[in-house]
Amino acid sequence: MAVPTRLCKSLLLFLVLTFLILPLETLSKSTDDNIIKTFIFRVDEQSKPSIFSSHYHWYSSAFAEPVQILHVYDTVFHGFSATLTPNQAASVLRHPSVLAVFEDHRRQLHTTRSPQFLGLRNQQGLWSGSDYGSDVIVGVLDTGVWPERRSFSDHNLSPVPTRWKGICESGVQFTQAHCNRKLIGARFFARGHEAAARLNGASDMELVNATVEYRSPRDADGHGTHTASTAAGRYVFQASMAGYAPGVAKGVAPKARLAVYKVCWKGSGCFDSDILAAFDRAVADGVDVISISIGGNGVSAPYYLDPIAIGAYGAVSKGVFVSSSAGNDGPNGMTVTNLAPWLTTVAAGTIDRNFPADVILGDGRKISGVSLYSGKPLYGKMFPLVYPGKSGMLSASLCMENSLDPKLVRGKIVICDRGSNPRVAKGLVVKKAGGVGMILTNGISNGEGLVGDAHLIPACAVGSKEGDKLKAYVSSSANPTTTIVFRGTIIGVKPAPVVASFSGRGPNGVNPEILKPDLIAPGVNILAAWTDAFGPTGLDSDTRKTEFNILSGTSMACPHVSGAAALLKSAHPDWSPAAIRSAMMTTANIVDNRLQLMTDEATGNPSTPYDFGSGHLNLGRAMDPGLVYDITSQDYVSFLCSIGYGKNTIQVITKTPASCPPRKPLPENLNYPSITALFDSSARGVSSKKMIRTVTNVGPANSVYRVSVNAPPKGVSVTVKPSKLVFSEAVKKRSYAVTVLIDSRNLVLDENTGAVFTSLSWSDGKHVVRSPITITQLQTL
């Protein structure tokens, strides 16, 4: 049977990464030995000689000069980061106490009605049962915060929890007075960022550009303010973005406390060394939840080379829930990021609110688009329509800087293709060339997925098919004309949710046995608080000020789950991070508000678990899931053993030495709420896989659950033993086995995903505990 090319690539990547775990010396042999770089060193914490008073004393005496050391890590990770040459770093690595070294890398951000859309209601359900997340502390690793926003008011909040150990760090335009009973902590981490700037030739005065940034927790970008208020913003009445999305703005956990850790800098990204330091500090400070909407650029490294995975493991092992974004490189497969199984990986979906704009053509046709333009409207006036890409010049089709001929576009509405430069920047290029408006058209890769933008000129976005209609009209008409009508805000849109076209998709490129993403949450056109440093577009030339902004991305989906975790932690303080994630996953929706399977925005076709994981977050049910799939630190260690990591490699992640069992575990037996059965594509006839799972009863003590299996696809059979689970006061855990059989003569894998899907559900008559099952084949070498 032929295996889709993408799945072959998945297997190849999986095998390459497996081989990567053998050598821990990860320094590039082709690197110029005299170039100074930042390196992160993992040190065996038990090895410090007693002669040294502290680990910093040891590191600065034995491994690097004090001036070279940037951060010392001692909570979620043990070691330090320093600026050294590759030769110096290699020399440090040869010390028997140093377990690993990896080079510092830059990462990127994954950039009001949504709580109701998640099933939250005032005075009832999870909001009421958790007291709106009161006293749970959410740590947000992002671009900082604009503390004056009403979303961060501490009105009527009780005193700061006494267990809190954090501080409010002063800096440029930020003092201790900016923190309160809501925003209880704020720190900034700039040493990795500044080291990179110095290595690129920046002077001390240029390290943090004072014209665009603040060397403090203050947010110059807006992203951090937006994500923090999405997770835990207070109720704000009369909220909107220039009249769009009017109403009451509120975070998912309105009474939860916020601690902000600024690790990302406007225009400069976020460095691993700073991210790891923020993880270390946040856990030591006493946060309960960490929200991190940051990831790699479409490439997933082995866990021991991934500081987000390492920092998150340290946090989760201490009971801290970590929510992460799935990345914005969809709709192609295997684009999901943040893959470690102890992370909760969140993809993005739409909500039932939209901001329509209509393109009216000279021949009377109407083409639907979206826009957040709030300036002077066109009042129905028709203007000439032009497509610069008709000339064949790629830069002109994309409306790149200085690519447009003023003689061609002056006084006209211009069609610009999406891609390369920011969407809103294209409008400024059109304006500079004398155009009066813009229609932004998707390419095939973006499909029909649309996000609203606060354009600076009359402009809207349309999907790929509608864009083709526009271009055909320009080509076929002697005098093409158009206008744009902006319709404001509408709610009750159907279908919703829809999987966002940009959202990162499975399969998991590192360990296909673990389904990622885990679930989806609202991530399209989300209203939340904004910085005063920049206008809603984030462009230097945008001088508008707005208290709220509307953004899209898995960055916006992630804090919805962070806020949800805060609510569940408040309602169930004894639940582990894995139990909280399980409650969300097993109660998630897979249907939209038409009660049909969720669709894929990019194609309009039904979506799959590679798109939405276990489904869309539904907090109306997550508070009382019935059963949960719990996972301990030892379970994660067994998983790392199962994928071939040796004890030293595992210690890089876990801090403590690990011993793998004599009999190698199977990665698919990690007690995950989703189930994946991988088969060798070279096998012929009938093959079988058996996966073991254990559920913990968190509902009524004396409960009986019976299993049902959704009709499996052709060529697949699924059996579950036992088919009944009986719980009592004394028996709170039960295990079961899922056996998946495939017959290669009848099995037909989906040509796009290379997989087929089904599910199983346990029910006691009230609760339904659902797990998706993925069946796929991989070629072996």
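How much space lies in the second largest pocket? About 670 Å³. That volume is the space filled by probe spheres set on grid points joined across faces, edges and corners. A pocket, on a 1 Å grid over the protein atoms alone, is an open set of points where a 1.4 Å probe fits, with protein on both sides within 12 Å along at least five of seven lines.

Some ground rules. This is a predicted model: local features need pLDDT of at least 70, side-chain atom pairs count only at pLDDT 80 or more, and totals for chains, interfaces and linings use all residues. Residues are numbered from 1 along each chain as its sequence is written, and side-chain values use heavy atoms, without hydrogens and water.

Back to the second largest pocket. Strand β19 (366–370) is one of the elements giving two or more residues. β19 gives the most, with 3 residues. Strands here are DSSP runs of E, at least two residues; helices are runs of H or I, at least four; both are numbered from the N terminus.

S229 sits in helix α7 (residues 223–232). Is S229 buried or exposed? Buried, at 4% relative accessible area; the cut-off is under 20%, with a 1.4 Å probe and protein chains only. Its side chain reaches the backbone oxygen of T225 at 2.9 Å.

S552 lies in the loop between β28 (548–551) and α14 (554–571). S552 counts as buried because its relative accessibility is 15%.

Definitions and conventions
Buried < 20%, exposed > 50% of the residue type's maximum accessible area, 1.4 Å probe, protein only. Polar contact = N/O pair within 3.5 Å; in protein donor to acceptor, adjacent residues only side chain to side chain. 1 Å grid on protein atoms, 1.4 Å probe; cavity = no way out; pocket = protein on both sides within 12 Å on 5 of 7 lines; lining within 4 Å.
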